[in-house]
Amino acid sequence: MAIIEFVGVNKWFDKLHVLRDVDLSIERGEVVVVIGPSGSGKSTLIRCVNRLETVQDGQVIVDGQHVEDPRTDIRRVRQEVGMVFQQFNLYPHKTVMQNITMAPIRVKKMPRAEAEKRAHELLERVGIGEKHDAYPGQLSGGQQQRVAIARALAMSPKILLFDEPTSALDPEMIKEVLDVMKDLAHTGITMVVVTHEMGFAREVANRVIFMDAGRIIEVGSPEHFFQAPEQDRTKLFLSKIL
Amino acid sequence: MPELGWLFNVPVLRFLLIGLGYTLALAALSITISFALGMLLALGRLSRFPLIRYPATLYIEIIRSLPLLLIIAFTFFGLPQIIGVQLEPFQAGVIALSGFTAALLAEIIRSGILSVNRGLIEAAQSQGFTGVQVLGLVTLPIALRRMTPAIVSQFITLLKDTSLTAIIGILELTRRGRIISSQPPFEPIPVFALIAVIYFLVNYGLSLVSRGLEERQA
Ligand SMILES: Nc1ncnc2c1ncn2[C@@H]1O[C@H](COP(=O)(O)OP(=O)(O)O)[C@@H](O)[C@H]1O
Ligand SMILES: [Mg+2]
């Protein structure tokens with residue numbers, strides 16, 4: 001069964017129709033890259049998965065739970081869905097260690113010692129083992145984003161959502177973050193990644209989704225998009241970013 | 001050099017220091033109460049429930065636009081008739097100072113909360129924290145750190161405004177200074193200079209604490 005399922009989803013911001021009849025099914029362990037012009041609804045799409053945005057019409061089913069249903073305890077869904085943001089959004093008043101352990105300790109009631117042990121492992125994994133006592137403001141953008149990935153992983157989520165994770169980074173830091181994400185892609189976790197890093201898509205994506213004006217226009221393998229995109233809008237967009 | 005033995009002697013200084021004690025007690029109690037109440041009012045004004053939001057807003061807007069002297073006088077002379085409980089001047093002073101300062105702090109705290117980056121709140125929500133946890137672990141700590149200078153400056157104002165409680169008969173520092181200066185040798189300048197120095201030292205101490213807090217957080 002699909003781990004993320006959108007069925008006939010529509011969303012409006014007041015009169016602005018930002019998601020139009022979205023149907024989408026993502027399998028467990030899949031790595032899906034979402035591309036499309038600015039304002040096409042990519043962020044909104046993935047923010048509907050953990051109900052940072054609510055939908056007005058249709059169903060969003062995440063690991064069997066109906067996210068669109070107000071009676072669903074969204075906190076249970078959110079514990080299974082990690083999110084990494086363009087602007088990192090690390091808690092600026094907490095150390096790296098506290099950023100990573102806060103949710104396991106407070107939400108999952110994990111003992112502090114265990115949470116810190118895991119945090120050390122995660123920091124090693126994202127390549128900044130020595131920075132646990134630093135504050136986010138003392139780190140480079142690339143380091144902050146890797147801490148943000150570690151923070152998301154600390155809850156042992158089944159799904160990771162990335163919203164343009166490298167767009168706010170200086171070019172020399174993009175690779176270090178993409179490398180961490182590529183490693184993750186091979187671990188079997190489900191990933192939905194909004195990005196225009198087509199190199200990343202080519203290497204690890206199972207599927208690429210092209211959105212425009214709130215619609216999913218074209219879905220296919222990375223090769224499909226590189227070699228033979230069908231829709232004119234897709235071709236036009238790819239010609240701009242490739 | 002004029003002779004100041006009439007001022008710098010134990011009974012007079014003791015008399016003034018007791019006044020400082022009242023001033024500090026009024027300020028310390030009112031700081032504590034107004035901070036708690038101001039926090040509740042700020043959250044109330046930001047509440048999505050109109051039944052909480054409107055009363056909080058009304059309280060803040062009304063209290064903010066009244067002179068503190070009027071509030072102090074009303075609390076001592078008027079409020080007991082309404083609630084049917086006689087108030088000691090000191091009690092009335094604390095209630096008036098706290099209630100007034102709370103309204104001003106509420107607005108400071110509210111703007112601090114609104115200044116917290118939406119993305120940080122969303123990050124916390126996305127991790128599965130409850131609304132109360134998001135507020136207590138992320139929003140409020142960040143808002144309060146950012147607002148520390150404005151809040152401390154409000155506390156300094158409060159400390160100085162304790163002198164207004166003289167009108168309901170509290171013998172705080174300023175009032176005692178006036179008493180001393182109206183007695184022989186009738187020299188107000190040295191008395192008020194001394195009192196000014198005392199206020200300055202206390203408030204400067206508060207500013208230093210505030211600066212220390214800011215640096216620790218930087
Ligand atoms: N909170 C919001 N309120 C109103 N309009 C919004 C809001 N968030 C996004 N939008 C609008 O919705 C559309 C889709 O936005 P978004 O999902 O952020 O696009 P993308 O991520 O593809 O750039 C855009 O037109 C954007 O201006
Ligand atoms: Mg976006």
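Trainee: What makes the shell around ligand 1 divide by class into nonpolar, polar and charged residues as it does?

Mentor: In this predicted model, the shell has four nonpolar, six polar and one charged residues. Glycine counts as polar under the rule, so G39(A) and G41(A), both around the ligand, fall in the polar class. K42(A) is also in the shell, and Lys counts as charged.

Trainee: Which element gives the largest share of that shell?

Mentor: That is α1(A), with three residues.

Trainee: How do you know that S43(A) makes a polar contact with ligand 1?

Mentor: One of its polar side-chain atoms lies 2.7 Å from a ligand oxygen. The cut-off for a pair of N or O atoms is 3.5 Å, so the pair qualifies. Backbone atoms take part too: G41(A) has an N or O atom 3.0 Å from an oxygen of the ligand, and for S40(A) the distance is 3.2 Å. Of the 560 Å² of accessible area that ligand 1 has on its own, the protein covers 59%.

Trainee: Let's turn to the two chains. Why is the pair E122(B) and R47(A) called a salt bridge?

Mentor: Their side chains meet at 2.8 Å, N to O. The rule asks for an Arg or Lys side-chain nitrogen within 4 Å of a Glu or Asp carboxyl oxygen, so this pair meets it. The rule finds one salt bridge across the interface of chain B and chain A.

Trainee: What makes up the rest of the picture there?

Mentor: Seven residue pairs are in polar contact across the interface. On the side of chain B, α5(B) gives the most, with seven residues. The two chains bury about 1700 Å² between them, 59% of it on carbon and sulfur atoms.

Key. Residues numbered from 1 in each chain as written. Chains lettered and ligands numbered in written order. Predicted model: local features only at pLDDT ≥ 70, side-chain atom pairs only at ≥ 80, totals over all residues. Heavy atoms only, no water. Buried area = accessible area lost by both parts, 1.4 Å probe. Polar contact = N/O pair within 3.5 Å; in protein donor to acceptor, adjacent residues only side chain to side chain. Helix = DSSP H or I, 4+ residues; strand = E, 2+ residues; numbered from the N terminus. Near = heavy atom within 4 Å. Areas by Shrake-Rupley, 256 points an atom, 1.4 Å probe, with all protein chains shown as cover.
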